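Here is a short report on one protein model. It covers charged pairs, then the core, then the overall fold.

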Amino acid sequence: MQGKVCVVTGASSGVGKAMAIELARRGARVVVCSRSEALGQETLAEVKAIAQARGDREEPILEVANLSSLVEVRGLAERLRRRFEVIHVLMNNAGLYLPNRRLTVDGYDVVFTVNHLAPFLLTNLLRDRLAAAGNARVVATSSVGFRSADLDMGDLMMAKGRWRGLTQYANSKLAIILFTREATRRFADDGIRLNCFHPGGTRSRMAQDEPNWIGWMWKNFGFLLRRPEKGAETGVYLATSPEVENVSGEYFTDLKVQDVTPAARDEVLSARMWDVSMELTGLDKPGERSNGRMEFVEEGA
């Protein structure tokens with residue numbers, strides 16, 4: 001991993017921070033992506049100390065972006081494209097669970113946007129930079145919760161009076177698996193390998209505000225969950241191991257491929273999710289695609 005550029009979203013805490021630190025230990029030049037500048041700086045300081053101790057010439061960097069805003073996702077992609085001609089690893093880790101429905105500045109459900117639309121958009125906008133690596137890897141943090149999804153393609157934002165926090169979280173994690181499988185087919189000629197994983201029940205701040213037994217259990221018994229370093233192991237494995245350099249489109253837990261539900265294997269559903277995601281993120285507009293490959297369009301162009 002020496003010198004390879006690894007972009008990690010949601011790197012300010014939990015599994016994302018643990019993955020960023022471990023990738024730095026393995027020699028990667030890490031891009032710490034965080035919604036919070038203060039927390040991002042804390043991760044950056046740890047990653048930078050590792051790089052400096054090794055005598056790396058290229059320092060890790062911090063990128064601050066709120067991934068609930070598609071404008072900010074585009075801005076992040078623009079900055080990354082200007083800085084790097086090649087990106088070797090993209091860790092789509094940033095994730096969110098909310099007990100109550102909230103909308104983004106784009107008018108979309110926050111949970112579905114952060115967990116699926118943001119990584120969908122970012123990956124597509126960085127596709128040529130990933131393809132330039134020749135053997136790039138895209139790793140997404142999913143969840144075993146996808147098994148309880150109740151996906152309605154006509155109401156992905158759950159706006160019709162049926163919004164439930166855990167269900168929408170599950171829907172977004174199913175969408176990540178569908179994206180991983182569909183992108184594997186569409187990116188086949190680019191040398192990009194895409195996989196996703198379940199980190200296991202891991203200590204984090206997620207769900208602590210849930211106003212029922214879930215939040216109570218999380219706050220009072222969260223210490224029984226995995227440490228972030230353990231939760232990060234499979235993600236780092238997918239980003240670095242030669243054992244999976246030719247594996248793509250799979251869902252992993254504890255370093256092993258896992259079976260998924262019929263919905264997650266549904267090729268018609270994955271193609272439909274792709275098309276709807278293209279529309280929701282604006283990637284279906286003229287000028288965004290050429291010869292089957294994404295082209296970046298400057299903000300305001």
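## Salt bridges

Glu267 is exposed, with a relative accessible area of 53%. The model is predicted. Glu267 pairs with Arg185 in a salt bridge, and their closest N and O atoms are 3.9 Å apart. Arg185 sits in helix α6 and Glu267 in helix α10 (residues 267–281), so this pair ties together parts 82 residues apart in sequence. Arg185 is partly exposed, at 37% relative accessible area.

Asp150 forms a salt bridge with Arg164, with 3.7 Å between the closest N and O atoms. Both residues lie in the loop between β5 (137–141) and α6 (165–186), 14 residues apart. Asp150 is partly exposed at 36%. Arg164 is partly exposed at 40%. Salt bridges with shared partners join Asp150, Asp155, Arg162 and Arg164 into one network.

Arg25 and Glu22 also form a salt bridge, their closest N and O atoms 3.6 Å apart. They are 3 residues apart in helix α1 (residues 14–25), so about one helical turn separates them. The whole structure has 19 salt bridges.

## Nonpolar cores

The largest nonpolar core has 56 residues. Those with the most contacts inside it include Val7, Leu80 and Leu156. Beyond its neighbours within four places in sequence, Leu156 contacts Phe112, Leu151, Gln168, Met273, Val276 and Leu280. Another core, of 28 residues, lies apart from the largest one; Val47, Leu62, Val244 and Phe252 are among its residues.

## Overall fold

The protein has 10 helices and 10 strands. Of its 301 residues, 56% count as buried. The accessible surface is about 13,400 Å², and 47% of that belongs to carbon and sulfur atoms.

How values were computed:
Residues are numbered from 1 along each chain as its sequence is written. This is a predicted model: local features need pLDDT of at least 70, side-chain atom pairs count only at pLDDT 80 or more; totals for chains, interfaces and linings use all residues. Side-chain values use heavy atoms; hydrogens and water are left out. A nonpolar core is a set of buried Ala, Val, Leu, Ile, Met, Phe, Trp, Tyr and Cys residues joined through side-chain atoms within 4.5 Å. Buried means under 20% relative accessible area, exposed over 50%, partly exposed in between (1.4 Å probe, protein chains only). Contact means heavy atoms within 4.5 Å. Helices (H or I, at least four residues) and strands (E, at least two) are DSSP runs, numbered from the N terminus. Accessible areas come from the Shrake-Rupley method with a 1.4 Å probe; for residues, only the protein chains shown count as cover. A salt bridge is a side-chain nitrogen of Lys or Arg within 4 Å of a carboxyl oxygen of Asp or Glu.
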